[in-house]
Amino acid sequence: LALTNNHVKETFVGDRLGVLSSRRWAKATEWLLQDKKDVDPLFGLDQTSLWTPPANLLAGNELAREALEDAKLSATKFEKTHGRKPSLAVITVGELARYEHSQRRLQLYSDPSNSWFTKAEVGKANGFEVTEINLDKTTTTTDALLSEIYKIRDNVDGIQVMWPLPDSIDSAKVYNAVPLDKDVDGIHYTS
């Protein structure tokens, strides 16, 4: 039941029902008809575009799923090449307003293994080591945050500084302290 529930949440696309991904349809058809030869992978998919989203609708869940599939393949390749999983440090200063109702949103709309509300779980499910660093908003200074970045930057493959940063922190200094080759969010000024 939980897997079915997660599947339903993942296929939620605004108020629109019936949007299909031709890529996923082709994969499912290949699996179902794996012993049959000469079967079109789009067998049964309506070619009239009846089941495809309009051009102005961004199917975010589908795009996110495809991005995670690509990331998982990349992580597997990285591990085979380097003998370890790729690593990411996520630094948060204070409680972010957008996370205020994250547990309820996660319940309604998402699966913990692919939700941006649960970075460690997403990392685990997709072959990444994720370290979450949570700093107190009232006591963290620009220098303290920079020190944290300098301390971890040689020990991880990627760094994500969650924004917005509190007004008391010089965000330009912080964003530019993240090495360009480890900037997973594009926050560095040259990104």
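The accessible surface of the protein chain amounts to about 12900 Å², and 55% of this area belongs to carbon and sulfur atoms (Shrake-Rupley method, 1.4 Å probe; for residues, only the protein chains shown count as cover). The structure is a predicted model, in which local features need pLDDT of at least 70 and side-chain atom pairs count only at pLDDT 80 or more, while totals for chains, interfaces and linings use all residues. Residues are numbered from 1 along each chain as its sequence is written, and side-chain values use heavy atoms, with hydrogens and water left out.

Of the 191 residues of the protein chain, 34% count as buried (buried, under 20% relative accessible area; exposed, over 50%; partly exposed, in between; 1.4 Å probe, protein chains only). Among contacts in the protein chain with a separation of 6 or more, 66% come from residues 24 or more positions apart (contact, heavy atoms within 4.5 Å). The protein chain contains 7 helices and 3 strands, taken as DSSP runs numbered from the N terminus (helices, H or I, at least four residues; strands, E, at least two). Along the sequence these elements follow the pattern α-α-α-β-α-α-β-α-β-α.

The 3 strands form an open sheet in the order β2-β1-β3, with parallel pairing (two strands pair if DSSP finds at least two bridges between them). Strands β2 (129-135) and β3 (158-161) lie at the edges, each pairing on one side only. From one strand to the next, the twist averages 15° (axes are lines fitted to C-alpha atoms, for helices over the stretch in contact, and angles run from 0 to 180 degrees between N-to-C directions). In general, the strands of a sheet pair through backbone hydrogen bonds.

Strand β1 and strand β2 run parallel and are joined by 7 bridges; within this pairing, T92 has N134 of β2 as its bridge partner. Strand β1 (residues 87-93) is also parallel to β3, to which 4 bridges join it. Here V90 stands opposite Q160 of β3, and I91 has V161 of β3 as its bridge partner.

Strand β1 is largely enclosed by the rest of the structure, because 7 of its 7 residues are buried. In a regular strand, side chains alternate between the two faces of the sheet. Both faces of β1 are covered, with S87, A89, I91 and V93 buried on one side and L88, V90 and T92 buried on the other.

Strand β1 is also touched by helix α6 (residues 142-152), which packs on the sheet and contacts β2 and β3 as well; the direction of α6 makes about 170° with that of β1.

A search of the whole structure finds 2 salt bridges (a side-chain nitrogen of Lys or Arg within 4 Å of a carboxyl oxygen of Asp or Glu). One joins the side chains of D157 and R84, at 2.8 Å from N to O. This pair links distant parts of the chain, 73 residues apart: D157 lies in the loop between α6 and β3, and R84 in the loop between α3 (60-82) and β1. D157 counts as partly exposed, at 27% relative accessibility, as does R84, at 38%.

The other salt bridge is formed by the side chains of K151 and E148, at 3.5 Å from N to O. K151 and E148 are separated by about one helical turn, because they are 3 residues apart in helix α6. K151 counts as exposed, at 54% relative accessibility, whereas E148 is buried, with a relative accessible area of 15%.
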